[in-house]
Amino acid sequence: MTSSQQLIADVEESDASAPATPTASRELAPYAGPWLPAAQTRPRVGVVIPAYNEESSIEAVIGGLLAQTRLPDEVHIIINNTTDDTFWVAKKLAGRHERTYKDETMSCDIHIHDVGKLPTRKVGALNIGFALVEHCDYFVGVDGDTVLARTAIANLLEEIRSDSRIGGISAIFSIDYNEGRNGGEKFLIAGQRQQFASFNMLNLLRGRNMAVLGGQCSIFSMTALKAVRDEFRQLGPWVTDSEVEDSLLSIQLKSLGYATKISASARANVGPMLTLKSLDAQQVKWSYGAIDLMWPGQRGDLQGQPFHPNLRLRWYENWGMLFNLLVRVGFVLLLLASLSIGAYTFSPWWLIPPALATLMNLRNALSMHDRSAKDVAFAVLFLPGEFYLWLKIGHFIRAWTKFLSREEVDNWGAQAAAERGKANNAHLMPLVYLGVAFAVMIVTWTQLPLMVKEIILWVAWPALALVASLQSAVMIHRLLRRQRGFLV
């Protein structure tokens, strides 16, 4: 036996005769490092509902919350600037509610607060609610006309707790056809459902990054809301210096490093706009607020303006609407001009953009989790979708006209008046603008020599075809893009 073999044998014999003692390499103490999940305690969830003249919907909203598979711990209804019986309808449901789901007994305390005349309107109501639930772990904002699906809060809570980097998650929004009483209202609902479906799917396919945590129903980390309040030196997470307080808050969260997401499964039905006036007021307010955030120098205190990541989709939407306007108005004008000198020749290539648009609408309809024959008909008949797009173009024109005029506007007040049926006919102004523009162009056209007319048509038709081709390429890209099983 060599000396080294003898040494090994002596060590083994010594180990065998020595008493057994635990060693650090054999019995490691459990590591409580920062990447291990925290103890799964039951978080406290506070719901805040800013309510303005919601007597017809507030009972259904509260009922939807009390039917949740995971009850919120407390609900605060902040009634503000209201002239109807919202308070008395909601008061009947105030107090503690208990229910058992899957052998778990849960309770929810509902509080009603009528704060009277509130100059800061919804923003002020949200901040009051925030102060009331500041002790909670999560804040859920719900509009006074939004009814949550039974699993909405459970799904939102599960998703936001899965990653501490998430500052807020928006539910997937749609509208119930039962809200409409006649054909005209159901048409507007169908258009709004298509609009929501398209917007939701775009965000889902962008890594579920949500540009706007919609005020209709979103959950927020209370830590993230407090960080926004403190870092931006605000009295509360929401501020009044934007027409779209939810977009501004989403930008601020993103600027602080928090993710803003759209849920893959939590759903909510929001209140529809059932008249052309109310739809116009709502859409113009949204568009005006987005332009206000996008425009250089408007919000110089916000990091990343005007190309903040949360505004990229807004830029895309506005450029898309501009191209939609140019292609449609340009085609009508060139068609009339060509017919006026007998120079028009039909080309089947111009049928491609409408066909692609119809396929896009159909794909949106088929992606709805609760699609109906009305949604499919709205898509495949083309004309309903085209008419609704013209309405959106009108909203686009009105929003930019308001913004560029630099006049002081109260878009919140305009929407409130429109929903009460007291608005003026401002929604018809885009027709006036287009009518004047058409009249000027037609008169100018009649004064031009024939050769000049031919040269204009020779240049303008290929230019319009190029723009339409670019639009078609975008639509083809979106049609070929996989939706990865998402439903909206």
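A residue is called buried here when its relative accessible area is under 20%, exposed when that area is over 50%, and partly exposed in between. The structure is a predicted model of a protein chain with 488 residues, of which 47% are buried. The chain has 16 helices and 9 strands. The points below start with the chain as a whole and then turn to one helix, the aromatic rings and one aspartate.

**Confidence and overall make-up**

- The mean pLDDT of the protein chain is 86, and 86% of its residues reach 70 or more.
- Over residues 2-28, pLDDT stays under 50, and the model has 2 contacts beyond four places in sequence for this stretch.
- Where pLDDT is low, the predicted coordinates should not be read in detail.
- Of the contacts between residues at least 6 apart in sequence, 82% join residues at least 24 apart.

**Helix α7**

- Helix α7 spans residues 222-231, and its buried residues are Met222, Ala224, Leu225, Ala227, Val228 and Arg229.
- At the start of α7, Ser221 places a side-chain oxygen within 3.3 Å of the backbone nitrogen of Thr223.
- After α7 comes Arg233, which has a positive phi, near 55 degrees.

**Aromatic rings**

- The model contains 15 aromatic pairs, counted as rings whose centres lie within 6.5 Å.
- One of them joins Phe187 and Phe387, with ring centres 5.7 Å apart; the planes stand at 40 degrees, so this pair is tilted.
- Phe187 belongs to helix α6 (residues 183-204) and Phe387 to helix α13 (residues 383-405), so the pair links parts of the chain that are 200 residues apart.
- Phe187 has 22% relative accessibility and therefore counts as partly exposed.
- Phe387, with a relative accessible area of 45%, is also partly exposed.
- Tyr344 and Trp461 form another tilted pair, with ring centres 6.3 Å apart and planes at 40 degrees.
- Tyr344 sits in the loop between α10 (312-340) and α11 (352-366), while Trp461 is in helix α16 (residues 450-480), so this pair ties together parts 117 residues apart in sequence.
- Tyr344 is partly exposed at 28% relative accessibility, whereas Trp461 is buried at 17%.
- Phe187 and Phe387 also belong to one aromatic cluster with Phe378 and Tyr388.
- A charge sits over another ring: Lys374 lies over the face of Tyr177, 5.1 Å from the ring centre.

**Asp73**

- Asp73 is found in the loop between α2 (58-66) and β2 (74-80).
- Its relative accessibility is 10%, so Asp73 counts as buried.
- The side chain of Asp73 reaches the backbone nitrogen of Val45 at 2.7 Å.
- Apart from neighbours within four places in sequence, Asp73 is in contact with Arg42, Pro43, Arg44 and Val45, and also with Ser107, Cys108 and Asp109.

Key. Residues are numbered from 1 along each chain as its sequence is written. This is a predicted model: local features need pLDDT of at least 70, side-chain atom pairs count only at pLDDT 80 or more; totals for chains, interfaces and linings use all residues. Side-chain values use heavy atoms; hydrogens and water are left out. Buried means under 20% relative accessible area, exposed over 50%, partly exposed in between (1.4 Å probe, protein chains only). Helices (H or I, at least four residues) and strands (E, at least two) are DSSP runs, numbered from the N terminus. A polar contact is a pair of N or O atoms within 3.5 Å; within protein, one must be able to donate a hydrogen and the other to accept it, and residues adjacent in sequence count only if both atoms are side-chain atoms. Rings of Phe, Tyr and Trp (its six-membered ring) pair if their centres lie within 6.5 Å; planes under 30 degrees apart count as stacked, over 60 as edge-to-face and the rest as tilted. A charge sits over a ring if NZ of Lys or CZ of Arg is within 6 Å of the ring centre and within 35 degrees of the ring normal. Contact means heavy atoms within 4.5 Å. pLDDT is the predictor's confidence in each residue, from 0 to 100.
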